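Please read them with the model open beside you.

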Amino acid sequence: MTAKITPMMEQYLALKRQAEGCLLFYRMGDFFELFFDDARAASAILDIALTSRGEHGGEPIPMCGVPVHSAEGYLARLIKAGCRVAIAEQVETPEEARKRGGSKALVRRDIVRFVTAGTLTEEALLEPRRANRLAAIAEVRGAIGIAGCDISTGAMVLEECAPELLGAALARLGAAEIVMPEGWEGEPPGPGERVERPRGDFSSDAGAGRLKTIHGVATLDGFGEFSRAMLAAAGGLIAYLDHVGRGKLPLLLAPTLREHDQCMLMDEATRSSLEILASQAGGRENSLIAAVDRCVTGAGARLLAEDLSSPLLDATAIGERLGLVERFHRDPILRSQLRDTMRSIPDLARALGRIVAGRGTPRDLGQIRDALAAARRLRDHLAEQPDRPALLDALLPRLGGHGALVDLLERALVPAPPTERSGGGFIAQGYDAALDELRRISGNARRAIAAMEARYREETGIAALKIRHNGVLGYFVEVPARHADALMAADSGFAHRQTMAGAVRFNSLALHEEASRIAEAGGHALAAEEAHFEDLAAQVCAAGEAIAATAAVLARIDVSLANAERAAEGGWCRPTIETSPVLEIGGGRHPVVEAALAKAGERFIANDCALAHENRLWLIGGPNMGGKSTFLRQNALIVLMAQAGCYVPADRARIGLVDRLFSRVGASDNLARGRSTFMVEMVETAAILSQATASSFVILDEIGRGTSTYDGMALAWAVVEDVHSRIGCRCLFATHYHELARLAESCEALSLHHVRAREWKGDLILLHELAEGPADRSYGLAVAQLAGVPQPVVRRARHVLDRLESNRLRNGGIADGLGELPLFAVASAPQDAKADQLGERLLAIDLDAIAPREALDLLYDLAREARATKS
């Protein structure tokens with residue numbers, strides 16, 4: 001016989017069907033419960049007990065739960081594990097349920113919110129120093145529109161790109177979640193979680209209409225000229241936010257238009273190779289931002305990450321950022337004062353985001369009050385400074401203008417508001433006379449209860465008598481069990497309520513009347529405070545755009561101060577930005593490697609780099625571990641930092657604007673996509689050769705090492721020629737193929753360099769210095785010995801090497817004859833070039849003069865050549 005489904009389980013299963021594959025947090029009293037497979041998954045991730053409750057289909061129902069008051073911590077762990085969670089709350093009280101359906105009526109529940117990786121706003125779920133972005137993409141007539149936002153701060157950006165550049169654009173955004181139309185073709189774009197939504201959500205007309213409604217405008221022209229692809233992506237984004245918020249939209253500021261030529265282009269491989277925001281190990285440690293970040297606020301750290309992810313292409317804008325950094329750099333006293341002030345400023349943007357999203361607390365209102373007051377003081381202090389740079393003068397007005405709101409919040413709130421609003425106590429004394437009177441009544445009643453307790457003790461002679469309170473009985477009189485008989489008497493004035501193991505509880509008419517007054521006054525007081533909270537939150541929301549602008553200015557000032565502090569700490573310089581194709585760096589260092597060496601008490605060896613149109617490609621040789629890869633990366637990072645508006649780790653730097661930065665340094669298998677190390681290397685190289693322009697900067701490390709020597713060197717040779725002669729961009733190319741040095745004879749803008757090393761008494765000494773000229777040898781065996789390869793293996797390798805070297809000297813080496821090869825001769829020659837050579841040899845034979853033996857030998861040679869031609 002099949003067990004009947006209980007009303008509660010029926011309600012749960014109906015909500016589970018609405019949860020769309022999410023884990024369902026089902027509110028039951030003070031717990032969120034999970035059932036069935038949700039419970040199994042959550043208990044494993046959260047390491048909590050898996051129990052059971054009742055039966056379904058004849059089987060026990062698996063169950064686990066988490067307390068409501070600490071649910072955010074559990075949610076954070078589930079989201080980090082890749083889960084999505086639907087929150088089902090009780091949407092009526094038990095009293096309302098009984099009034100609606102009788103004593104056994106089930107409390108109504110509904111999904112009030114979906115919690116996903118890209119839609120977090122709670123402080124406990126977010127990393128203070130990292131943005132949490134959501135992106136949506138849509139295709140309209142061959143163009144890809146991208147809408148990105150961070151709902152914790154409201155920032156929203158719209159842009160458009162070609163399909164082949166989508167990966168680079170999403171890599172720059174670093175979205176935690178990417179929303180796309182159902183049936184999106186191709187590989188999942190970007191590293192974020194992929195979410196497919198109905199194609200109807202991605203309508204450009206609907207997107208434009210939603211944006212107009214949200215911002216209360218008749219036209220979007222004042223925000224920018226948005227394409228249909230951008231508006232379609234915006235429509236998909238807003239529809240998704242509407243869905244996960246169950247009709248409640250978060251803070252969305254006016255959309256910003258990002259032009260395709262506004263920021264330096266870097267693809268995902270380049271960002272990973274340069275370890276900009278995360279090291280290849282996966283964490284922030286040993287990344288560029290960890291070495292650079294000296295921000296004292298979370299908002300500043302998030303803006304710095306955005307700057308480093310999106311270096312500018314506008315020399316004027318870069319100069320304005322550098323000018324502000326320079327002003328703080330040359331005034332250490334002012335810098336120290338301002339940084340001390342900034343440390344005490346709360347995260348204004350995220351507090352505003354929580355208030356607008358309807359998840360705010362009294363503490364958030366207090367943070368907004370304190371941050372706006374501090375911003376006003378900061379403005380007054382900076383306005384008094386001489387020699388203010390242009391960017392600072394442009395920023396200062398946005399730090400003020402909130403006087404009335406700050407005054408209101410200062411009058412309305414206690415100095416340190418609580419994080420919970422349900423318990424009240426956050427509205428200041430004197431703000432509302434009626435609330436003060438309710439509190440007085442409640443306070444007097446509590447004092448009356450204390451006096452009543454003393455009177456009852458005296459009247460009964462029971463010194464251990466106490467008046468207590470709990471959530472079930474309310475106020476009650478409690479006496480030890482041995483004194484209960486006196487209060488049980490009919491004329492005692494007390495009514496029995498509950499018998500405990502060692503105590504008995506009673507009520508009295510006077511206590512009941514006093515408790516009713518307390519409850520009534522307390523309830524009215526809480527209702528009054530809740531009404532004041534809603535009113536204050538509405539005032540904050542009305543000023544949301546201006547508050548967000550102030551938050552952005554505070555973040556920019558923190559970033560500028562931090563960059564100045566880091567520059568002073570490391571002896572960094574202000575780069576000179578030009579439009580000519582130049583890259584001159586004196587005493588350049590790798591910021592991450594230098595910091596790591598400094599911790600170990602070692603010194604980084606600085607090196608110069610000088611690229612110009614007539615000397616734009618450096619071919620760099622030398623031993624492994626000699627510093628080639630570090631040199632390549634440090635120059636790419638210096639370019640990136642300079643265009644982000646940072647000082648750079650060098651003695652001097654003169655940098656021509658770079659439109660696209662490419663790094664092919666190091667590679668690993670991508671088994672998930674079925675690609676070997678060499679395949680990954682070739683895919684990345686192909687992207688560089690197809691996308692780089694004359695204004696790009698490319699660093700390439702050991703192209704061709706993942707295949708045979710002949711294939712690898714041929715590929716490296718051809719890539720160098722293509723970068724030099726067709727693309728014509730600035731390039732650093734590290735290689736172990738000494739034969740490539742022959743390219744200097746045919747490539748006029750190519751120069752040869754090497755990292756220096758010496759052998760001393762059998763040991764290899766790596767000098768980490770760059771010198772002109774080709775490398776004399778690779779020192780591979782010396783590096784192997786340094787790495788601990790057993791001596792017998794090294795000795796055998798040396799013997800084999802000697803034999804190979806002698807053969808090379810006899811036959812001219814594998815590059816023999818390449819010196820006469822015209823640039824890209826293979827590409828321009830007809831496919832049957834080898835066949836033509838064979839024909840010429842045949843025509844040259846004097847058939848009347850050749851001997852039989854010679855003819856036979858010649859026939860074998862021709863057959864061998866013919867087979868080679870076929871292959």
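1. The crossing of α11 and α20 is right-handed, a crossing being right-handed if the near helix is turned clockwise from the far one by less than a right angle, and left-handed if anticlockwise. Helix α11 covers residues 315-329 and helix α20 residues 544-570, and the two pack with their axes 8 Å apart at an angle of about 60 degrees. Axes here are lines fitted to C-alpha atoms, for helices over the stretch in contact, and angles run from 0 to 180 degrees between N-to-C directions. The two helices are therefore oblique to each other, given that angles under 35 degrees count as roughly parallel, over 145 as roughly antiparallel, 65 to 115 as roughly perpendicular and the rest as oblique.

2. On the α11 side this contact (heavy atoms within 4.5 Å) is made by Arg321, Leu324, Val325, Phe328 and His329, and on the α20 side the residues include Arg556, Ile557, Ser560 and Leu561. By class, the contact of α11 with α20 has eight nonpolar, three polar and two charged residues, where Ala, Val, Leu, Ile, Met, Phe, Trp, Tyr, Cys and Pro count as nonpolar, Asp, Glu, Lys and Arg as charged, and the others, Gly among them, as polar.

3. A word on the basis of these points: this is a predicted model, in which local features need pLDDT of at least 70 and side-chain atom pairs count only at pLDDT 80 or more, while totals for chains, interfaces and linings use all residues. Residues are numbered from 1 along each chain as its sequence is written, and side-chain values use heavy atoms, with hydrogens and water left out. Helices (H or I, at least four residues) and strands (E, at least two) are DSSP runs, numbered from the N terminus.

4. Helix α14 (residues 362-383) has two helix contacts to look at. With helix α13 (residues 348-356), the axes come within 9 Å and cross at roughly 140 degrees, and the crossing is left-handed. The residues in this contact include Leu348, Ala351 and Leu352 of α13 and Leu365, Ile368 and Ala371 of α14; by class, there are eight nonpolar, one polar and two charged residues.

5. With helix α12 (residues 332-343), the axes of α12 and α14 come within 11 Å and cross at roughly 170 degrees, which makes α12 roughly antiparallel to α14. Here Leu334, Gln337, Leu338, Thr341 and Met342 in α12 meet Leu378, His381 and Leu382 in α14, a contact with five nonpolar, three polar and no charged residues.

6. Five bridges join β13 to strand β14 (residues 474-480), and lysine 466 stands opposite glutamate 478 in β14.

7. Another open sheet has six strands in the order β22-β23-β24-β20-β25-β26, and its pairing is mixed. At its edges stand β22 (661-664) and β26, each with a single partner strand, so one side of each is left without a neighbour in the sheet. Neighbouring strands are turned by 15 degrees against each other on average, direction ignored. Strand β20 (residues 617-621) pairs with strand β25 (residues 750-760) in the parallel sense over five bridges, with tryptophan 618 opposite serine 751, while β25 runs antiparallel to strand β26 (residues 763-772), joined to that strand by seven bridges. Helix α22 (residues 628-644) lies across β20, β22, β23 (697-701), β24 (730-734), β25 and β26, running at about 160 degrees to β23.

Conventions. Pairing = 2+ DSSP bridges.
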